[in-house]
Amino acid sequence: MKILGIDRIWWLVTALIIIAVPAKIKFMKWWSSREMDKKKGQKGKWGEDQ
């Protein structure tokens with residue numbers, strides 16, 4: 001089946017890419033901020049240091 005002269009599979013591939021790229025960017029930003037928060041939480045936790 002063709003839509004505007006392009007096979008249906010290519011429409012699905014294009015839609016998947018359009019959805020996946022922003023989702024990956026958002027995930028990478030979230031992961032980066034999560035790792036930074038973890039590193040901040042580790043500082044100053046040696047024994048009784050405050």
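Is Arg34 buried, partly exposed or exposed? Arg34 is partly exposed, because its relative accessible area is 30%; buried means under 20%, exposed over 50%, and partly exposed in between, with a 1.4 Å probe and protein chains only. This is a predicted model: local features need pLDDT of at least 70, side-chain atom pairs count only at pLDDT 80 or more, and totals for chains, interfaces and linings use all residues. Residues are numbered from 1 along each chain as its sequence is written, and side-chain values use heavy atoms, without hydrogens and water.

**Fold and surface**
- The chain holds one helix and two strands, taken as DSSP runs numbered from the N terminus (helices H or I, at least four residues; strands E, at least two).
- The order from the N terminus is β-β-α.
- Of the chain's 50 residues, 0% count as buried.
- The accessible surface is about 5,200 Å², and carbon and sulfur atoms hold 67% of that. Areas come from the Shrake-Rupley method with a 1.4 Å probe; for residues, only the protein chains shown count as cover.

**Nonpolar patch**
- A nonpolar surface patch covers about 840 Å². Its members include Ile6, Trp10, Trp11 and Ile25.
- Patch residues have over 30% relative accessible area and no salt bridge; nonpolar side chains (Val, Leu, Ile, Met, Phe, Trp, Tyr) are joined within 5 Å, like charges within 9 Å.
- Helix α1 (residues 8–42) gives the largest share of the patch, eight residues.
- Ile25 sits in helix α1. Its relative accessible area is 46%, so Ile25 is partly exposed.

**Charged contacts**
- Side chains of opposite charge can pair when their charged atoms come close.
- The count is one salt bridge, meaning a side-chain nitrogen of Lys or Arg within 4 Å of a carboxyl oxygen of Asp or Glu.
- Arg34 and Glu35 form a salt bridge, with the closest N and O atoms 3.7 Å apart.
- Glu35 is partly exposed, at 26% relative accessible area.
- Arg34 also lies over the face of Trp31, 4.7 Å from the ring centre. The rule asks for NZ of Lys or CZ of Arg within 6 Å of the ring centre and within 35 degrees of the ring normal.

**Aromatic contacts**
- There are three aromatic pairs. Rings of Phe, Tyr and Trp (its six-membered ring) pair if their centres lie within 6.5 Å; planes under 30 degrees apart are stacked, over 60 edge-to-face, the rest tilted.
- Phe27 and Trp30 have ring centres 5.7 Å apart and planes at 40 degrees, so this pair is tilted.
- Both lie in helix α1, three residues apart, about one turn of the helix.
- Phe27 is partly exposed at 42%, and Trp30 is partly exposed at 46%.
- Phe27, Trp30 and Trp31 make up one aromatic cluster.
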